[in-house]
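Hello,

Here is the structure I promised to pass on. Have a look at it first, and then read my notes below.

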Amino acid sequence: MKIRIIRVALKLMVNQKQCFFCTSNNKVIDYKNAEILAKFLSAQKKIVPRRRSRLCASHQRKLAMAIKRARFLGLVPYTLY
Ligand SMILES: [Zn+2]
């Protein structure tokens with residue numbers, strides 16, 4: 001049982017990717033860049049949670065703000081229908 005928990009923990013550590021914006025050269029999230037924002041939307045055009053987007057906390061907050069701004073400008077949809 002204990003070995004299994006350790007194995008699962010190791011697997012999680014190996015699979016853990018780094019934040020997309022921290023690893024990329026451009027660390028600023030632009031609300032006008034709808035292509036990048038669309039990568040972090042679900043099929044229903046909702047903002048993807050942090051456990052799926054794998055962003056760091058500060059970038060997830062900035063991304064949510066940017067998506068909301070882009071939605072207000074009509075660059076990104078609020079919902080699918
Ligand atoms: Zn980050």
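**Notes on the model**

Arginine 61 counts as partly exposed because it has 13 C-beta neighbours inside 10 Å. This arginine belongs to helix H5, and although arginine 50 is 11 residues away in sequence, the two C-alpha atoms are 9.6 Å apart in space.

First, some background. Please keep in mind that this is a predicted model. The protein chain has an average pLDDT of 85, and 79% of the residues score at least 70.

As for the fold, the protein chain contains 5 helices and 0 strands, giving the pattern α-α-α-α-α along the sequence. Of its 81 residues, 12% count as buried. Among contacts with a separation of 6 or more, 66% are between residues 24 or more positions apart.

Now to H5 itself. This helix covers residues 57-73. Its 17 residues reach 25 Å from first C-alpha to last, close to the 24 Å expected at 1.5 Å a residue. Which residues of H5 are buried? They are Gln60, Leu63, Ala66 and Ile67. Viewed down the helix axis, the buried residues of H5 fall within an arc of 125°, so they line one face of the helix. On the face of H5 turned away from the buried side you will find the exposed residues Ala57, Ser58, Met65, Phe72 and Leu73.

What covers the buried residues of H5? The cover includes helix H3 (34-38) and helix H4 (50-53).

The largest nonpolar core has 9 residues, namely Ile29, Tyr31, Leu37, Phe40, Leu55, Leu63, Ala66, Ile67 and Val76. H5 gives the largest share of this core, with 3 residues.

Arginine 54 sits in the loop between H4 and H5. Is arginine 54 buried, exposed or partly exposed? Arginine 54 is partly exposed, because 14 other C-beta atoms lie within 10 Å, and a residue needs 20 or more to count as buried. Its C-alpha atom is 10.0 Å from that of phenylalanine 40, a residue 14 places away along the chain.

At the other end, just after H5, glycine 74 takes a positive phi of about 85°. Proline 77 is found in the segment after H5. Proline 77, with 14 other C-beta atoms within 10 Å, is partly exposed. Lysine 46 is 31 residues from proline 77 in sequence, yet their C-alpha atoms are 9.0 Å apart in space.

If you have time for one view, I would look down the axis of H5, where the buried residues line one face, and then find the core residues, including Leu37 and Val76.

Conventions:
Residues are numbered from 1 along each chain as its sequence is written. This is a predicted model: local features need pLDDT of at least 70, side-chain atom pairs count only at pLDDT 80 or more; totals for chains, interfaces and linings use all residues. Helices (H or I, at least four residues) and strands (E, at least two) are DSSP runs, numbered from the N terminus. pLDDT is the predictor's confidence in each residue, from 0 to 100. Two residues are in contact if their C-beta atoms, placed from the backbone, lie within 7 Å. The expected span of a helix is 1.5 Å times one less than its number of residues. The arc is that of the directions from the helix axis to the C-beta atoms. A nonpolar core is a set of buried Ala, Val, Leu, Ile, Met, Phe, Trp, Tyr and Cys residues joined through C-beta atoms within 7 Å.
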